[in-house]
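Thanks for asking me to look this over.

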Amino acid sequence: MGNKIQKFTVRQQMLTNNYEIYRYRDSYLNNVALHHHDFYEVYLFLNGNVNYTIESRNYPLLPGDILLISPLELHQPRITLEKHPYERIVLWVNKSFLEQFSTPHTTLTHCFDSTVPGHTNLLRLAPTPRQHVTDLMERLVAETNSADYGSDLASIGCLIQLLVELNRQAANSAQHHELTDKSGPIVTNVLNYINDHYHEELSLDMLASRFFVNKYHLSHEFNRLVGTSIYRYVIQKRLVIAKQMLSDGLPPTDVYQHCGFGDYSNFYRAFKAEYGISPKDFSGTAQTNGSGSK
């Protein structure tokens, strides 16, 4: 059961309120667009040729690598399908579902917290802990897809064991250097500037002038390394923040001003195009559910 292969879809929303786990194996796959989730993601890379971009960081992956991705982080796999199929196990966990298992002594979401000193998205473990994590994820796939007696409880127990182990390994990895390639000094600086100044007026011309670089060169390098245009990245970053603010209860008429949209109509159109729902309707749904991650 642990080797069950699921058919990949481009869906980026959860169908449940707790967790979902999938094992994928693809010999042909279209590009996956830069995106973010409202939930936590644990990504175990098994085989293939993949460079994974998370915000301004680029990770050339090796089999057995684990990525920990938080809800606010824009990310994208850059896949090269040549000699080997692309294989991975992907776990999605709802924020409130995971938090309910935390205790005063153990916070299961800690490994995803980018504000923790030494935080890294990438865990590249020694053989023994790597095999342990792989076995737990394989077992979670099996129990989730099983109709055997107690599989619902066994899957939850396995999920908790997995998150405890990931947090232990993340704490150890934080003591070492992060295994990452920066996107490049210019692009990294521009990304960091956008992330800090998303609420201000931003344009290709302004950024090129600020960083003393030709705008055509900047545009080309940004597209090449990040996988999308500067304009598109700015819009997505603003929408990520806006969605979080709406989930926290701020009214849409205040949110758009905080996020750098020139007026409410621009905010409305961008939000509706990205998420298929108006800011007002999303805000109402988020407050009804108690979280925007449902």
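1. A definition to start with, as several points rest on it: a residue is called buried when its relative accessible area is under 20%, exposed when that area is over 50%, and partly exposed in between. Please also keep in mind that this is a predicted model.

2. The overall picture. The protein chain holds ten helices and nine strands. Of its 294 residues, 49% count as buried. Taking contacts between residues at least 6 apart in sequence, 70% join residues at least 24 apart.

3. Helix α6. This helix covers residues 215-226, twelve residues in total, and spans 16 Å from its first C-alpha to its last, close to the 16 Å expected at 1.5 Å a residue. Its buried residues are Leu218, Glu221, Phe222 and Val226. Viewed down the axis of α6, these buried residues fall within an arc of 100°, so they line one face of the helix. As background, an α-helix has 3.6 residues a turn, so residues three or four places apart point the same way. What covers the buried residues of α6? The cover includes β6 (75-79), α4 (185-197), α5 (204-210) and α7.

4. The two ends of α6. At the start of the helix, a side-chain oxygen of Asn214 comes to within 2.8 Å of the backbone nitrogen of Tyr216. After the helix comes Gly227, with a positive phi near 90°.

5. Phe212, a residue to look at on the way into α6. Phe212 sits in the loop between α5 and α6. Its phi is near 55°, which is positive although the residue is not a glycine. For context, most residues other than glycine have a negative phi. Is Phe212 buried or exposed? With a relative accessible area of 77%, Phe212 is exposed, because that value is over the 50% cut-off.

6. Helix α7. Here there are 18 residues, reaching 26 Å from the first C-alpha to the last, close to the 26 Å expected at 1.5 Å a residue. The helix is mostly covered, with 15 of its 18 residues buried. Gly249 follows α7 and has a positive phi, near 105°.

7. How α7 packs on α4. Two packed helices are described by the angle between their axes and the distance between the axes. For α4 and α7, the angle is about 35° and the axes are 10 Å apart. The crossing of α4 past α7 is right-handed. On the α4 side the contact is made by Leu191, Ile194 and Asn195, and on the α7 side by Ile230, Tyr233, Val234 and Lys237.

8. Tyr233, within that packing. Tyr233 belongs to α7, which runs over residues 230-247. Its relative accessibility is 1%, so Tyr233 counts as buried, the cut-off being 20%. Which residues does Tyr233 touch, not counting those up to four places away in sequence? They are Leu34, Glu55, Leu74, Leu191, Ile194, Asn195, Phe222, Val226 and Thr228. With Asn195 there is a polar contact of 3.1 Å between the side chains. Phe222 is eleven residues from Tyr233 in sequence, and their C-alpha atoms are 9.7 Å apart in space.

9. Asp65, a buried residue in a loop. Asp65 lies between β4 (57-60) and β5 (66-69), in the loop that joins them. Its relative accessible area is 2%, so it is buried. What do its polar side-chain atoms meet? One of them lies 2.7 Å from the backbone nitrogen of Leu62, and a polar contact of 2.7 Å joins the side chains of Asp65 and Arg124. Beyond its neighbours within four places in sequence, Asp65 is in contact with Tyr43, Leu44, Phe45, Pro60, Leu122, Leu123 and Arg124.

10. Cys158, to finish. Cys158 is found in helix α3, residues 151-173. Cys158 is buried, with a relative accessible area of 0%. Leaving aside neighbours within four places in sequence, Cys158 is in contact with Leu136, Arg139 and Leu140. The C-alpha of Met137, 21 residues away along the chain, is 8.1 Å from that of Cys158.

Technical notes:
Residues are numbered from 1 along each chain as its sequence is written. This is a predicted model: local features need pLDDT of at least 70, side-chain atom pairs count only at pLDDT 80 or more; totals for chains, interfaces and linings use all residues. Side-chain values use heavy atoms; hydrogens and water are left out. Helices (H or I, at least four residues) and strands (E, at least two) are DSSP runs, numbered from the N terminus. Buried means under 20% relative accessible area, exposed over 50%, partly exposed in between (1.4 Å probe, protein chains only). Contact means heavy atoms within 4.5 Å. A polar contact is a pair of N or O atoms within 3.5 Å; within protein, one must be able to donate a hydrogen and the other to accept it, and residues adjacent in sequence count only if both atoms are side-chain atoms. The expected span of a helix is 1.5 Å times one less than its number of residues. The arc is that of the directions from the helix axis to the C-beta atoms. Axes are lines fitted to C-alpha atoms, for helices over the stretch in contact, and angles run from 0 to 180 degrees between N-to-C directions. A crossing is left-handed if the near helix is turned anticlockwise from the far one by less than a right angle, and right-handed if clockwise.
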